[in-house]
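I opened this entry to keep track of what I looked up in the structure. The notes follow the order in which I went through the chain.

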Amino acid sequence: MYRLTARMEQHFRQSMADYHRLFDGGRCQGWELEELLVKAIKADTSANHLPRWQAAGHDDKADVLIVTNGREHHVQIKSGQIKGMSTGEPWLSLSGHRLGRFGGDLVAISAYLNDRNAAIISVPYRQRDDANGRQHIYRLCYLPAPLMQGIDPAAWTRQGKQFITRNQHNVEFSLRPSMSWQIWWKIPLAAIDTYEEFADGHFI
């Protein structure tokens, strides 16, 4: 599983603080996160990590290909949202690609999802407004590829307008035909390697 170095993470936190000194309306968008994370990787010149990234690319295998010591790391970068904090069992909600090209074939969709070997770096966001003004709060979450695999193609069940299943890590997969069969994930936060929340470049 690819992880940023401490210097990269520090550079990324500072980039997010700089971003919100310019834009105070809401979250940093997915394509902007990609570029800022790539810049953070390049900022640690001592690490010799070589990211290959194309703006507005549509490679569904990886947003960024990172080469370290001759080893390739396929990484997807997503924003996401943490929900359920008040329940004591919070989860990370992520959305993925639209899979309408499979024509609703759950066996083919399952095989496609199980075969994906890209890790995910997610940067979920929340906004806090109080007497001191507005804070834009993020955190880094690292999700290894096996966490998002292990789907039994026979285990999908129809629930309302969605098809839902879970894997051995209790990750919930939701297919939404009305959204061109887009895949959504509901990942227990306890199963994810997460870092502290940060705002204005500092942990909170």
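**Entry 1: β5 and β13.** I started with tryptophan 91 and looked for its bridge partner in β13, which is proline 188. The model I am reading is a predicted one. The two strands β5 and β13 run antiparallel, and I found six bridges joining them. β5 covers residues 91-98, and β13 covers residues 182-188.

**Entry 2: the other partner of β5.** I then turned to β4, which pairs with β5 in the antiparallel sense over three bridges. Which residue of β5 is the bridge partner of isoleucine 82? I noted leucine 92. I also noted that glutamine 81 stands opposite serine 93 in β5.

**Entry 3: proline 90.** I looked up the loop between β4 and β5 and found proline 90 there. I listed what proline 90 touches, leaving out residues up to four places away in sequence: Ile82, Lys83, Gly84, Met85, Pro188 and Leu189. I also checked proline 90 against lysine 186, which is 96 residues apart from it along the chain. Their C-alpha atoms are separated by 9.7 Å.

Entry 4: I traced an open sheet of six strands in the order β4-β5-β13-β12-β11-β10, with antiparallel pairing. Why is one side of β4 and of β10 left without a neighbour in the sheet? β4 (81-83) and β10 (157-159) stand at the edges and each has a single partner strand, so one side of each stays without a neighbour. From one strand to the next, the twist averages 30 degrees.

Entry 5: I looked up the second largest pocket and wrote down a volume of about 200 Å³. Its lining is made up of Thr87, Glu89, Pro90, Trp91, Arg166, Asn170, Glu172, Lys186, Ile187, Pro188, Leu189 and Ala190. By class, I recorded six nonpolar, two polar and four charged residues in the lining.

**Entry 6: the other sheet.** I traced a further open sheet of six strands, in the order β1-β2-β3-β6-β9-β14, and its pairing is mixed. β1 (50-53) and β14 (193-194) stand at its edges with a single partner strand each, so one side of each has no neighbour in the sheet.

Entry 7: I went through the strand pairs from β2 onward. Strand β2 (residues 64-68) runs antiparallel to strand β3 (residues 71-78), and five bridges join them. Valine 64 stands opposite valine 75 in β3, and the bridge partner of threonine 68 in β3 is arginine 71. β2 and β3 form a hairpin with two residues between them. I looked at asparagine 69 in the turn and noted a positive phi of about 50 degrees. Do β3 and β6 pair in the parallel or the antiparallel sense? I found the parallel sense, over four bridges. Valine 75, already noted opposite valine 64, also stands opposite alanine 119 in β6.

**Entry 8: the helix on this sheet.** I looked up what helix α2 (residues 30-43) lies across, and noted β1, β2, β3 and β6 (119-122). The helix runs at about 155 degrees to β1.

**Entry 9: cavities.** How many cavities of 30 Å³ or more does a search of the whole structure find? I counted four. The largest cavity holds about 110 Å³ of space. I listed its lining as Gln76, Lys78, Leu113, Arg116, Ala118, Ile120, Ala145, Met148, Gln149 and Trp185. These residues divide into six nonpolar, two polar and two charged.

**Entry 10: the whole chain.** The secondary structure comes to three helices and 16 strands. The C-alpha trace spans about 50 × 45 × 30 Å along its principal axes. I also compared the radius of gyration with that of a compact globule: with 204 residues such a globule would have a value near 17 Å, and the chain has 18 Å, which agrees.

Technical notes
Residues numbered from 1 in each chain as written. Predicted model: local features only at pLDDT ≥ 70, side-chain atom pairs only at ≥ 80, totals over all residues. Heavy atoms only, no water. Pairing = 2+ DSSP bridges. Contact = heavy atoms within 4.5 Å. Axes fitted to C-alpha atoms, helices over the stretch in contact; angles between N-to-C directions. 1 Å grid on protein atoms, 1.4 Å probe; cavity = no way out; pocket = protein on both sides within 12 Å on 5 of 7 lines; lining within 4 Å. Points joined across faces, edges and corners; volume = space filled by probe spheres on them. Nonpolar A, V, L, I, M, F, W, Y, C, P; charged D, E, K, R; others polar. Rg over C-alpha atoms; globule rule 2.2 N^0.38 Å.
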